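Please look through the sequence and the 3D structure shown below, and then follow this report through a handful of individual residues and bonds.

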Amino acid sequence: MKKLLMMLCAAFVLVGLQAQAAVWHPSPGHRQIPIWPGTPPDAQTLPAPEHAVTKSSNRPQFAGKPVTGVFDVSRPTMTIYAPKGKNTGAAVVVFPGGGFQVLAIDLEGTEICHWLTSIGATCVLLKYRVPSAPFNWKCKCYGHGVLATSLPSLQDAQRTIRLVRYHAAKWHIDPHKIGVIGFSAGGFLVAETSTDFNREMYKPVGPADKDSDRPDFALAIYPGHITLGHGLNPNLHFTRQTPPTFVLQAEDAKVDRVRQSLAYYTALEKAGVPAELHIYAKGGHAFGLRRTKLPITRWPGLATTWLHTIGMLPK
């Protein structure tokens, strides 16, 4: 398990350069909006105040760029990025990955928003609470079980989808075109929000909680926590109401291996859910959408085409 934890945190291993600790802020012109009116439900003590660390790595997936991780999030927020050019009415909530220990806020967050806004979608970047189950920071292990429900992160995800739907008119969003995209642990949040919608994970705290938290579409990029290799995570309940889903992974990934996406797609197929699966030979884990020589890094083009195909973007 210790080896697995080291691999999951590999995105934030310092390689030859000094790390810089600070508080993360979105780019100028954007602000973080708290998603809870007061203390979040099931608030817990964390090991340290929230902070961000930017580090360099020689991992080829990062394309020679540094990666910023946000740690110890107790006050979750969402940041709204308006579409560039024509607004299609679509909106996507982004769940960065990080093993429920940290959030890869640029690699799997702001950079994803840059792509989504370029295709006419509103991007909502969720800075959800971490550390969170399944991870337990006290033992630095997955003491809750790798397949455990991701509370309190899932509460933050459901609340955010409801807030986006509640404010749809104000933010120029079609309430029937609100989707989710997640990476690694964030991919598990995609699966959870796609299968456990309308399940009460917290007591209502405002009028937005009367709205549905079901995503209209979902993109799971190298998702984790779907299977241990012998059956589907029992906390995931796929039905015909599960939204259309796009799944992508690299076969050579050593973290969240390809069986995760295969199990995900199989569950979608059995439930009769429209789905699209893409498996590439090479790419590893945690590649985001930074362009390298590997074909898998061109996946945003496939995803854009899929969004047109299912009617979330105009044809």
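This is a predicted model: local features need pLDDT of at least 70, side-chain atom pairs count only at pLDDT 80 or more; totals for chains, interfaces and linings use all residues.

## Contacts of R159

If residues within four places in sequence are left aside, R159 is in contact with I35, W36, P37, Y202, V205, G206, A208 and D209.

## Two disulfides

A search of the whole structure finds two disulfides, and, when the bonded cysteines are counted along the chain, they follow the pattern 1-2, 3-4. The table sets out the distance between the sulfur atoms and the torsion about the S-S bond for each pair.

| Disulfide | S to S distance | Torsion about the S-S bond |
|---|---|---|
| C113 and C123 | 2.0 Å | -55° |
| C139 and C141 | 1.9 Å | about -80° |

Which parts of the chain does the link between C113 and C123 tie together? The disulfide joins C113 to C123, and since C113 lies in helix α2, which covers residues 106–118, while C123 lies in strand β8, the pair ties together parts that are 10 residues apart in sequence. The link of C113 and C123 is left-handed, with -55° about the S-S bond.

The disulfide formed by C139 and C141 is also left-handed, because the torsion about its S-S bond is about -80°. C139, at 39% relative accessibility, counts as partly exposed.

## Backbone features in the loops

Positive phi values in residues other than glycine form a second topic. Phi of F100 is near 60°, although F100 is not a glycine, and N198, also not a glycine, has a positive phi of about 65°. F100 is found in the loop between β6, residues 91–95, and β7, residues 102–104, whereas N198 is found in the loop between α4, residues 185–195, and β10, residues 217–221. Are these two residues buried or exposed? F100 counts as buried, at 0% relative accessibility, whereas N198 is exposed, with a relative accessible area of 52%.

## The surroundings of T227

T227 lies in the loop between β10 and β11, the latter covering residues 245–250, and this threonine is buried, with a relative accessible area of 5%. Which backbone atoms does its side chain approach? The side chain of T227 reaches the backbone nitrogen of G229 at 2.8 Å, and a polar atom of the side chain of T227 lies 2.6 Å from the backbone oxygen of G231.

Notes:
Residues are numbered from 1 along each chain as its sequence is written. Side-chain values use heavy atoms; hydrogens and water are left out. Helices (H or I, at least four residues) and strands (E, at least two) are DSSP runs, numbered from the N terminus. Buried means under 20% relative accessible area, exposed over 50%, partly exposed in between (1.4 Å probe, protein chains only). Contact means heavy atoms within 4.5 Å. A disulfide is a pair of cysteine sulfur atoms within 2.5 Å. A polar contact is a pair of N or O atoms within 3.5 Å; within protein, one must be able to donate a hydrogen and the other to accept it, and residues adjacent in sequence count only if both atoms are side-chain atoms.
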